[in-house]
Amino acid sequence: MLQAKKISKSFGEINVLNNIDLKVDFGSIVSIYGPSGAGKSTLLYILSTLDTPDSGNVYFDSLAINELNGDQLSNFRNQKIGFIFQFHNLLEEFNVIENVCLPGYVSSNNHKLIQNKAEELLDDLGLSNRLHHKPNHLSGGEQQRVAIARSLINSPEIVFADEPTGNLDSKNSKNFIGIIKKLNETLNQTFVIVTHNKDFIKISDQSYTINKGKIS
């Protein structure tokens with residue numbers, strides 16, 4: 001489904017990634033583990049089209065996605081990819097259901113259909129009583145569940161998560177990992193997760209370790 005070939009990236013004289021090869025199968029959970037500064041977030045951004053490599057290619061079903069630009073790239077991200085970040089990135093001026101719907105509004109004019117799907121996702125994530133709350137009225141765990149729903153609103157083929165439990169306590173981290181596993185089993189949803197949290201390795205079909213620009 002997703003394949004990285006000979007990915008290298010440097011910032012100035014700092015070589016962050018060095019000839020990285022990686023494969024992600026459809027319907028799998030892939031975790032990328034490593035210490036701070038190892039390059040795992042940089043790799044995630046390249047795999048998810050948020051950054052470009054200095055050399056090498058990333059293929060999505062044989063399409064070289066790092067060669068896309070402009071509207072092609074924007075449409076690809078919106079239709080194929082979901083994102084979950086460490087800091088939620090929820091918009092404070094919008095309530096829960098509005099935050100979830102926003103990516104769907106970009107891709108579809110059928111706002112009622114998008115709203116219905118958002119309600120279903122939020123109900124599945126135990127947030128049916130929070131639809132009209134603003135993000136600052138939610139706990140950290142609830143905010144991250146809203147972020148999960150938002151990442152799924154366009155039925156992406158792959159969801160990328162960058163340190164998704166980095167700001168959660170141990171209980172909410174455990175709950176989050178359980179949700180990811182359930183979504184993978186029920187929706188056959190593909191996830192690529194970069195993390196410090198070794199508990200993700202337990203639910204991963206494939207786990208990589210990255211350190212000093214190398215991956216194993």
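Helix H3 (residues 96–107) and helix H4 (residues 111–124) have axes that come within 9 Å and cross at roughly 130°. That angle makes H3 oblique to H4. The crossing of H3 past H4 is right-handed. On the H3 side, the contact is made by Val96, Ile97, Val100, Cys101, Gly104 and Tyr105. H4 contributes His111, Ile114, Gln115, Ala118, Glu119 and Leu122. By class, the residues of this H3–H4 contact divide into eight nonpolar, three polar and one charged. The model is a predicted one.

Confidence comes next. The protein chain has a mean pLDDT of 89, and 100% of its residues reach 70 or more. Strand E3 (residues 29–33) has the highest confidence, at 94. Confidence is lowest in H2, at a mean of 86.

Back to H3, now with another partner. The axes of H3 and helix H5 (residues 140–152) come within 7 Å and cross at roughly 30°. H3 and H5 are therefore roughly parallel to each other, since angles under 35 degrees count as such. This crossing, too, is right-handed as H3 passes H5. From H3, the residues Val96, Asn99, Val100 and Pro103 meet Val146, Ala149 and Arg150 in H5. The residues of the H3–H5 contact divide into five nonpolar, one polar and one charged. Val96 and Val100 of H3 take part in the contact with H4, and Val96 and Val100 also meet H5. An α-helix has 3.6 residues a turn, so residues three or four places apart point the same way.

H5 leads on to helix H6 (residues 170–187). H5 and H6 pack at an angle of about 20°, with their axes 10 Å apart. H5 and H6 are therefore roughly parallel to each other. H5 passes H6 in a right-handed crossing. Gly141, Gln144, Arg145, Ile148 and Leu152 form the H5 side of the contact. Asn172, Phe176, Ile179 and Leu183 form the H6 side. The residues of the H5–H6 contact divide into five nonpolar, three polar and one charged.

Helix H2 (residues 70–80) also reaches H3. Leu73, Phe76 and Asn78 are buried in H2. The buried residues of H2 pack against strand E4 (55–60), strand E5 (63–64), strand E6 (81–84) and H3.

Two loop positions complete the tour. Serine 48 lies in the loop between helix H1 (40–47) and E4. Is serine 48 buried or exposed? Serine 48 is buried, because its relative accessible area is 1%, and buried means under 20%. Which residues does serine 48 touch, not counting those up to four places away in sequence? They are Arg77, Ile81, Phe83 and Phe160.

Glycine 27 sits in the loop between strand E2 (14–24) and E3. Glycine 27 counts as buried because its relative accessibility is 14%. Leaving out residues up to four places away in sequence, glycine 27 touches Asn184, Asn188, Gln189, Thr190 and Asp205. Glycine 27 and phenylalanine 191 are 164 residues apart in sequence. In space, the C-alpha atoms of glycine 27 and phenylalanine 191 are 7.8 Å apart.

Definitions and conventions
Residues numbered from 1 in each chain as written. Predicted model: local features only at pLDDT ≥ 70, side-chain atom pairs only at ≥ 80, totals over all residues. Heavy atoms only, no water. Axes fitted to C-alpha atoms, helices over the stretch in contact; angles between N-to-C directions. Helix = DSSP H or I, 4+ residues; strand = E, 2+ residues; numbered from the N terminus. Parallel < 35°, antiparallel > 145°, perpendicular 65-115°, else oblique. Left-handed = near helix turned anticlockwise from the far one by under 90°. Contact = heavy atoms within 4.5 Å. Nonpolar A, V, L, I, M, F, W, Y, C, P; charged D, E, K, R; others polar. Buried < 20%, exposed > 50% of the residue type's maximum accessible area, 1.4 Å probe, protein only. pLDDT = per-residue confidence, 0-100.
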